[in-house]
Amino acid sequence: MGRLGHGNQRKHHLDKLLPHFSCGSTLVNVLSVKRSCMLGPSNVSMIRGYARGTSNASIELKADDDVIRFNIGDHSGERGSSKKGKNPAKNSRLSRKAKLNELRFYRLKAKKKMNSPNPEVRIRYKLEKAKRKETWLIEKLRKYELPNAPPETHDPEILTEEERFYLKRTGEKKKNYVQVGRRGVFGGVVLNMHLHWKKHETVKVVCKPCKPGQVHQYAEELARLSKGIIIDIKPNNTIIFYRGKNYVQPEVMSPPNTLSKAKALEKYRHEQSLEHTSQFIEKLENELEEYLEHVARYKQQEKTQKT
């Protein structure tokens, strides 16, 4: 009885399901369905589980030659086509391997020019590389250019010759000094001058290393920033500053329109590199001119020998 009840339930389920499908022009007869193709509850649950697991899958029921077949289709191809369309956009961004290959190509190209048997090719390659570096350094140095501050009204005190001589002697005798090194004039130098002026009237500013004629530029810039008075500039690149009779220590001792210590060092390095690069460019240009003159002479000698 249990088996008969189970068969009647299956037949009733197929009666509800099959009238919606047609094979040719006639409806499929339930009694003609082969027993081997009927699916039990375990198979149906398996198909449902597969359908839940695959989001792109769809189940179709086909009836061919009086036999019912379930076809589980996959529409991932349609969606995959849309994904494939997005791949070129991703490929536009070069992968790490593609970047390495590109760099390897440029390195081999540069190596061929460097090891070329023609001296003109080698000199021109070095010249182009040096000019590119020069333009890059000039752009870097533009970042360290500070905006010109509005001119401040500063009336330096008038000193007599006797006062100047006295201040010069006292400045030479005292040991307090501030050093201007490779960084040049920046905010820390002016701050140290004000700290020395707390206890001393004069302060020595030692400029080392210093190019010829650069001491006067440092003296003018420090006088403008610190509002001190230049007493004397010695041949050993030493400047003596006087704070003034009506000196008042400012609240902000380091001027805002100056570079910091780290940025001043970066600026010095870029300036030094630019100087060496410009000298190297001049040297290469002279070499190229000499080589071209040599080639012209050699060709002229060949012409004279042939004639």
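Modeller: Contact here means heavy atoms within 4.5 Å. The model is predicted.

Biologist: Of the contacts with a separation of 6 or more, what share comes from residues 24 or more positions apart?

Modeller: Take the contacts in the protein with a separation of 6 or more. Residues 24 or more positions apart account for a share of 67%.

Biologist: How many helices and strands does the protein have, and what share of its residues is buried?

Modeller: The secondary structure comes to nine helices and eight strands. Buried means under 20% relative accessible area. Of the 307 residues, the buried share is 24%.

Biologist: Is helix 5 roughly parallel or roughly antiparallel to helix 9?

Modeller: Helix 5 spans residues 119–142 and helix 9 spans residues 261–306. Their axes lie 9 Å apart, at an angle of about 155 degrees. Angles over 145 degrees count as roughly antiparallel. So helix 5 and helix 9 are roughly antiparallel.

Biologist: Which hand does that crossing of helix 5 and helix 9 have, and how many charged residues are in the contact?

Modeller: The crossing of helix 5 and helix 9 is left-handed. Their contact has 15 nonpolar and four polar residues. The charged residues in it number eleven.

Biologist: Glu 275 is in helix 9. Is Glu 275 buried, exposed or partly exposed?

Modeller: Its relative accessible area is 34%. Buried needs under 20% and exposed over 50%. Glu 275 therefore falls in between, as partly exposed.

Biologist: What distance separates the C-alpha atoms of Glu 275 and Glu 134?

Modeller: Glu 275 and Glu 134 are 141 residues apart along the chain. Their C-alpha atoms are separated by 9.1 Å.

Biologist: Which residues of helix 8 meet helix 7, and how many charged residues does the contact have?

Modeller: Helix 7 (residues 187–196) and helix 8 (residues 214–226) pack at about 65 degrees, axes 10 Å apart. The crossing is right-handed. By class, the contact has five nonpolar, two polar and no charged residues. Val 189, Val 190, Met 193 and His 194 of helix 7 meet these residues of helix 8: Leu 222, Leu 225 and Ser 226.

Biologist: Is Thr 238 buried or exposed?

Modeller: Thr 238 is found in strand 8, residues 238–242. Its relative accessibility is 7%. The cut-off is under 20%, so Thr 238 counts as buried.

Biologist: Which side chain makes a polar contact with the side chain of Thr 238?

Modeller: Leaving out residues up to four places away in sequence, Thr 238 touches Lys 204, Val 205, Val 206, Asp 232 and Ile 233. The polar contact spans 3.2 Å, and the partner side chain is that of Asn 236.

Methods. Residues numbered from 1 in each chain as written. Predicted model: local features only at pLDDT ≥ 70, side-chain atom pairs only at ≥ 80, totals over all residues. Heavy atoms only, no water. Axes fitted to C-alpha atoms, helices over the stretch in contact; angles between N-to-C directions. Helix = DSSP H or I, 4+ residues; strand = E, 2+ residues; numbered from the N terminus. Parallel < 35°, antiparallel > 145°, perpendicular 65-115°, else oblique. Left-handed = near helix turned anticlockwise from the far one by under 90°. Nonpolar A, V, L, I, M, F, W, Y, C, P; charged D, E, K, R; others polar. Buried < 20%, exposed > 50% of the residue type's maximum accessible area, 1.4 Å probe, protein only. Polar contact = N/O pair within 3.5 Å; in protein donor to acceptor, adjacent residues only side chain to side chain.
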